[in-house]
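Good morning, colleagues. Please bring up the structure on the screen, and I shall then go through its chains, its helix packing and a few individual residues.

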Amino acid sequence: MQNVKIVITGPFAAGKTEFIRSISEIDVVSTERRISDNSRVVKEETTVAMDFGRITIDQDLVLYLFGTPGQKRFDFMWEILSEGMLGFVLMVDSTKSETFREARQILDVFKKYAGVPYVVAANKQDLPDAWSPEDLRIALRINSDVKVLPCVARDKESVKHVLLELLYTILESLEEGVS
Amino acid sequence: MALKGNLRDFSVTQLLNLINLARKTGALTIESDGTTARMYFKEGRLLHASIAGQDDQLTAILQKAGKLTPEQAQIIRTRSQVHTDKELGLLLINAGYLSQEDILSSVKQHVLDVVYYLFPFTDGRFHFEPDQLPPADRITVSLDLESIIMEGSRRIKEWERLQEELPDLDVVLKFADRPRTPLRHINLNVDEWRVISFINGRNTIRQIAQHNGMSEFQIRKIVYGLLSAGLVELVEPAEQRRKAAEAVPAGKPAAPVQPPAVKRNIIMRIIDRIRGI
């Protein structure tokens with residue numbers, strides 16, 4: 001049995017856990033705990049180590065989705081989680097411009113860990129205050145060759161779209177490697 | 001889509017850059033520490049800017065620019081029968097007191113003064129209302145944001161902020177693949193040209209600084225301005241590694257590469273499965 005993984009990263013409360021919950025075939029193994037600091041005003045629980053979702057591809061292959069902890073004090077976990085990943089999704093809450101700088105910093109860190117393909121998921125596009133993906137691209141200074149995708153993390157079809165676009169990007173990078 | 005937030009998280013430079021690159025039309029309002037400023041844009045170009053509570057009537061603008069004496073301004077204010085800036089501008093031109101160029105350059109300078117005043121603001125709410133245009137009675141200009149961003153960036157003095165924006169000096173700079181900035185509108189100073197001359201897709205920011213004898217602060221300031229204006233981009237680490245590998249002299253063993261055929265097969269299976277979920 002071969003295991004492969006994709007990492008879902010992003011700032012606190014960006015929607016990483018919800019994203020994995022929407023598509024995982026198992027109940028997400030979430031290490032959420034009640035929040036004990038000022039972040040409580042944003043949400044009651046947060047992921048302190050990782051979320052863990054699973055999609056069985058076939059008899060010999062399983063895809064794991066790992067969500068990184070959003071709070072900065074757990075960033076020591078990021079490098080461990082990123083080891084051996086096929087690629088990663090940077091989740092951004094499109095309605096919270098106060099998290100954009102942190103999102104870019106997380107992106108810089110993950111790009112250093114591994115030169116793997118990635119996409120940016122502009123989450124919460126169903127909310128009226130959401131910045132558009134193209135505005136987010138400029139705000140996060142994402143190069144034009146990186147996909148910035150509209151996303152609603154609790155919508156399975158939207159999550160599928162983001163994952164497929166990441167996989168297409170991985171495929172393209174492999175083909176570039178061959179040629 | 002709404003654009004609102006706080007300057008703590010998204011600076012004036014970044015806002016103007018966004019408006020420029022996305023070619024936005026509308027009004028940007030900034031409220032900070034008792035100041036409310038409003039800037040109008042059309043397709044990414046700056047039309048007008050004002051600060052609430054400040055006299056930004058044409059008479060005051062012309063007086064500030066030295067085109068009218070205080071006495072002349074006072075006479076216009078008390079005796080003029082015209083009510084709008086456009087009417088007053090026409091009157092002054094037709095009477096031969098001022099040229100159209102005098103008026104437009106004064107308005108331009110006023111607009112620039114407002115915008116540059118806002119650049120150092122690091123805290124305060126902002127809100128962009130799409131499709132809002134300036135009041136019809138105002139004289140507007142049409143200014144490229146690229147040069148404004150460059151100049152505004154030059155004026156940013158907060159070292160910490162620059163360090164946050166550009167934390168890593170060991171990354172390589174390249175010219176933007178598809179620059180969205182018309183180069184003819186950019187005015188570079190000598191130091192910026194010195195940096196530009198060392199951008200070749202291989203030199204890191206730190207190396208460029210060393211070549212030019214620049215401090216970290218100087219190089220950050222210049223590179224941040226060039227990045228904000230969309231002239232240059234940071235090379236992605238993977239691309240950086242590939243370029244470094246290409247630069248390895250012949251005869252050295254290449255780094256081991258995982259057979260792509262195996263991985264490709266895996267990715268195809270995952271794609272098929274996810275499509276079917």
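Chain B is built from 12 helices and 7 strands. What we are viewing is a predicted model. Of the 277 residues in chain B, 31% count as buried. Among the contacts of chain B with a separation of 6 or more, 78% are between residues 24 or more positions apart.

Chain A has 5 helices and 8 strands. Along the sequence its elements follow the order β-α-β-β-β-β-α-β-α-β-α-β-α. Chain A has 179 residues, of which 45% count as buried. For contacts in chain A between residues at least 6 apart in sequence, 70% join residues at least 24 apart.

A word on confidence. The predictor assigns the complex an ipTM of 0.83 and a pTM of 0.65. For chain B the average pLDDT is 83, and 86% of the residues score at least 70. In residues 248-262 of chain B, however, the pLDDT is below 50, and this stretch has 5 contacts in the model beyond near neighbours in sequence. Where pLDDT is low, predicted coordinates should not be read in detail.

Let me turn to the interface.

Which residues of H6(B) are buried? They are Leu145(B), Glu146(B), Ile148(B), Ile149(B), Met150(B), Gly152(B) and Ser153(B). These buried residues pack against H1, strand E4 (45-51), helix H5 (100-118) and H10 of chain B.

I shall take the partner H10(B) in more detail. The axes of H6(B) and H10(B) come within 9 Å and cross at roughly 155°. With angles over 145 degrees counted as roughly antiparallel, H6(B) is therefore roughly antiparallel to H10(B). Their crossing is right-handed. On the H6(B) side, Ile149(B), Met150(B), Ser153(B) and Arg154(B) take part, and they meet Tyr224(B), Gly225(B) and Ser228(B) of H10(B). The residues of this contact divide into 3 nonpolar, 3 polar and 1 charged.

H10(B), residues 216-228, also meets helix H9, residues 205-212 of chain B; here the axes come within 10 Å and cross at roughly 120°. At that angle, H9(B) and H10(B) are oblique to each other. The crossing of H9(B) and H10(B) is right-handed. From H9(B) we have Ile205(B), Ile208(B) and Ala209(B), and from H10(B) their counterparts Glu216(B), Ile219(B) and Val223(B). The residues of this contact divide into 5 nonpolar, no polar and 1 charged.

I come now to individual residues. Glu31(B) sits in strand E2, residues 26-32 of chain B. Because 16 other C-beta atoms lie within 10 Å, Glu31(B) is partly exposed. Leaving aside residues up to four places away in sequence, Glu31(B) touches Thr36(B), Gly124(B) and Arg125(B).

Finally, backbone geometry. Most residues other than glycine have a negative phi. Ala13(A) has a positive phi of about 65° although it is not a glycine. Ala13(A) belongs to the loop between strand E1 (2-9) and helix H1 (16-23) of chain A. Is Ala13(A) partly exposed or exposed? Ala13(A) counts as partly exposed, because it has 19 C-beta neighbours inside 10 Å.

Glu43(B) is placed in the loop between strand E3 (35-42) and E4 of chain B. Glu43(B) has 12 C-beta neighbours inside 10 Å and therefore counts as exposed.

Key:
Residues numbered from 1 in each chain as written. Chains lettered and ligands numbered in written order. Predicted model: local features only at pLDDT ≥ 70, side-chain atom pairs only at ≥ 80, totals over all residues. Axes fitted to C-alpha atoms, helices over the stretch in contact; angles between N-to-C directions. Helix = DSSP H or I, 4+ residues; strand = E, 2+ residues; numbered from the N terminus. Parallel < 35°, antiparallel > 145°, perpendicular 65-115°, else oblique. Left-handed = near helix turned anticlockwise from the far one by under 90°. Contact = placed C-beta atoms within 7 Å. Nonpolar A, V, L, I, M, F, W, Y, C, P; charged D, E, K, R; others polar. Buried ≥ 20, exposed ≤ 12 C-beta atoms within 10 Å, placed from the backbone. pLDDT = per-residue confidence, 0-100.
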